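Me: I have a model open and want to go through its fold. Can you take my questions as they come?

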Amino acid sequence: MIRFALRHFTAILVVVAIAVWALVYLPNTPSWAVLRLKQAIDARDGEAASRFVDFESVVKHAGYEMVQQKGGDNPIGTMVGKAAIDLFSKPMAQMAQAWAVKEVNDGNKDVQMPNAAVAGSLIVLHRSGDTAYTDFRDRKGQEWEIHLARTDEAGWRVTEIKNVEQLLEKLKNEEGKPLATP
């Protein structure tokens, strides 16, 4: 056994290094969070999937983005819009979370994460300290930019989805109801 270990010392060292990396480093990366989110969605476990999304942050960022787009040069409208977002973000986040959990539990194809999209997003994942983002185009041609942040208590979570207005338009068309925008 000792003779085998001496002859294959480099290979054993590489295997040990990969095992340590997989057990210690990998679970603390945003890539791992994305993979775990996909696993939860594939397993139709909406509660587990929702733990990887900070719904209040996503709702606030989406609202601010929409106010900025609609408000343009109107500082008072922008200020009122942002105040309304701050006031209503918590209940809207709760509604968004309940909707997302239901859709994942029901296995809605529109909330599934295709393997190719996950692999592609992991390849182009940009990380800087406690934040990360990825951008990609889905099979329907929509551009997505998703931001993640690391928190002490919850690990890596989605905190912002850029250009979320395209998602709201899709929901409006599916539900057949107009959605109010700030």
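Reply: A term to settle before the sheet: two strands pair if DSSP finds at least two bridges between them. The model is predicted, not experimental.

Me: Fine. How many bridges join β2 and β3, then?
Reply: Strand β2, residues 131-137, and β3 pair over seven bridges, in the antiparallel sense.

Me: Which residues stand opposite each other there?
Reply: Asp 135 stands opposite Glu 145 in β3. Arg 137 stands opposite Glu 143, also in β3.

Me: And how do β1 and β2 pair?
Reply: In the antiparallel sense, over three bridges. Ser 128 stands opposite Thr 131 in β2. The two strands form a hairpin with two residues between them.

Me: What is the phi of Gly 129 in that turn?
Reply: Gly 129 has a positive phi, about 65 degrees.

Me: What is the strand order in the sheet?
Reply: The order is β1-β2-β3-β4, in an open sheet of four strands with antiparallel pairing. β1 (126-128) and β4 are the edge strands, each pairing on one side only. On average, neighbouring strands are turned by 20 degrees against each other, direction ignored.

Me: Step back a bit. What does the secondary structure come to overall?
Reply: Eight helices and four strands. Along the sequence the pattern reads α-α-α-α-α-α-α-β-β-β-β-α.

Me: What share of the residues is buried?
Reply: Of the 182 residues, 31% count as buried.

Me: And what share of the contacts join residues at least 24 apart?
Reply: 53%, taken among contacts between residues at least 6 apart in sequence.

Me: On to the core. Which residues touch the most other members of the largest nonpolar core?
Reply: Leu 37, Ile 41, Ala 49, Met 113, Leu 148 and Val 158, out of 26 residues in that core. The elements that give two or more residues to this core are α3 (30-42), α4 (46-50), α5 (55-71), α6 (75-106), β3 (143-151) and β4 (155-162).

Me: Which of them gives the most?
Reply: α3, with five residues.

Me: What does Ala 49 touch?
Reply: Leaving out residues up to four places away in sequence, Ala 49 touches Leu 37, Ala 40, Ile 41 and Val 104.

Me: Back to α3. At what angle do the axes of α3 and α7 cross?
Reply: Roughly 170 degrees, and the axes come within 10 Å. Helix α7 covers residues 115-123.

Me: Are they roughly parallel or roughly antiparallel, and why?
Reply: Roughly antiparallel. Angles over 145 degrees count as that, and the crossing is roughly 170 degrees, so α3 and α7 fall in that class.

Me: Which residues meet in that contact?
Reply: From α3, Ser 31, Val 34, Leu 35 and Lys 38; from α7, Asn 115, Val 118, Ser 121 and Leu 122. The residues of this contact divide into four nonpolar, three polar and one charged.

Me: Last topic, Pro 114. Where is it found?
Reply: Pro 114 is in the loop between α6 and α7.

Me: How far apart in space are Pro 114 and Asp 42?
Reply: 9.8 Å, C-alpha to C-alpha, while in sequence Pro 114 and Asp 42 are 72 residues apart.

Notes:
Residues are numbered from 1 along each chain as its sequence is written. This is a predicted model: local features need pLDDT of at least 70, side-chain atom pairs count only at pLDDT 80 or more; totals for chains, interfaces and linings use all residues. Side-chain values use heavy atoms; hydrogens and water are left out. A nonpolar core is a set of buried Ala, Val, Leu, Ile, Met, Phe, Trp, Tyr and Cys residues joined through side-chain atoms within 4.5 Å. Buried means under 20% relative accessible area, exposed over 50%, partly exposed in between (1.4 Å probe, protein chains only). Contact means heavy atoms within 4.5 Å. Axes are lines fitted to C-alpha atoms, for helices over the stretch in contact, and angles run from 0 to 180 degrees between N-to-C directions. Angles under 35 degrees count as roughly parallel, over 145 as roughly antiparallel, 65 to 115 as roughly perpendicular and the rest as oblique. Ala, Val, Leu, Ile, Met, Phe, Trp, Tyr, Cys and Pro count as nonpolar, Asp, Glu, Lys and Arg as charged, and the others, Gly among them, as polar.
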